[in-house]
Amino acid sequence: YAEYDMGKLADSRGGFLFDDPDDAADSSPEAQQRAQKKARLAAERATLDDKYKPLEERDLDLDALDQIPRCRDCQSIDIDQQYHRFFDVLVCRGCRTAKPEIYGLLTKTECKADYLLTESELQDRTRMPVWEKPNPHKSTWSSMFLFMRSHVEAFAWEKWGSPVALDAEFARRQAETQRRKQKKTAQRLKELRQRTQTSAWQVTRDEHTH
Ligand SMILES: [Zn+2]
């Protein structure tokens, strides 16, 4: 990111207008006009001079100052480059850390488990910007796919209707899992009893043959 010296900026700006103490003190219209003209000429000269200066010596372009990316929450220019690049979000490192409910990172597994999103939904790059990060443990392992919480939640609330509706879906799935488990247990028990009966019958028959 670009770093600018704000002190220098204010100085050069003030310098244009009031570098002549007489004009600055004199409030007559003529003196004001003189001061303005002087300022304009100085600005033009500075612009011309600027063109031929090496980049690092050029005066700050005031228009460029407005173009500096700023944090959407606090206007800081200490932008987190990764969030800008991967999520197209302008946020500073301070705000990013201070607001995990918005800027927290979720892995793909967490998105699926906590928000019940599917693999194909998580592939939607326009709705689901992703930060593909090489695995920190081993470079040959598959990358981590990180999503920003507010993106994930916006998608999930739209899919499920609301946080409450997502909760209801959770409960429904849990009940379904429970039901299947019970059914499986009942089935196992039935099979077990049948087996026991068969072997009991076998024992009885064997005893009779003796
Ligand atoms: Zn900020």
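**The zinc site**

Me: What arrangement do the four donor atoms around the zinc ion make?
Reply: The angles they subtend at the zinc ion run from 102 to 115 degrees. Four donors count as tetrahedral if all angles lie between 85 and 135 degrees, so the arrangement here is tetrahedral.

Me: Before we go on, what kind of model is this?
Reply: Residues are numbered from 1 along each chain as its sequence is written, and side-chain values use heavy atoms, with hydrogens and water left out. Local features need pLDDT of at least 70, side-chain atom pairs count only at pLDDT 80 or more, and totals for chains, interfaces and linings use all residues, since the model is predicted.

Me: Which residues coordinate the zinc ion?
Reply: Donors are N, O and S atoms within 2.8 Å of the metal (3.2 Å for Na, K and Ca); water is not among the atoms, so sites may look incomplete. In sequence the donor residues follow C-x2-C-x17-C-x2-C. At 2.3 Å, the SG atoms come from Cys71, Cys74, Cys92 and Cys95.

Me: Is Cys71 buried or exposed?
Reply: Buried means under 20% relative accessible area, exposed over 50%, partly exposed in between (1.4 Å probe, protein chains only). Cys74 is partly exposed at 40%. Cys71 has a relative accessible area of 1%, so Cys71 is buried.

Me: How many disulfides are there?
Reply: A disulfide needs a pair of cysteine sulfur atoms within 2.5 Å. By that rule, the count is zero.

Terms used:
Four donors count as tetrahedral if all angles lie between 85 and 135 degrees; four count as square planar and six as octahedral if opposite donors are over 155 degrees apart and all others between 65 and 115; anything else is irregular.
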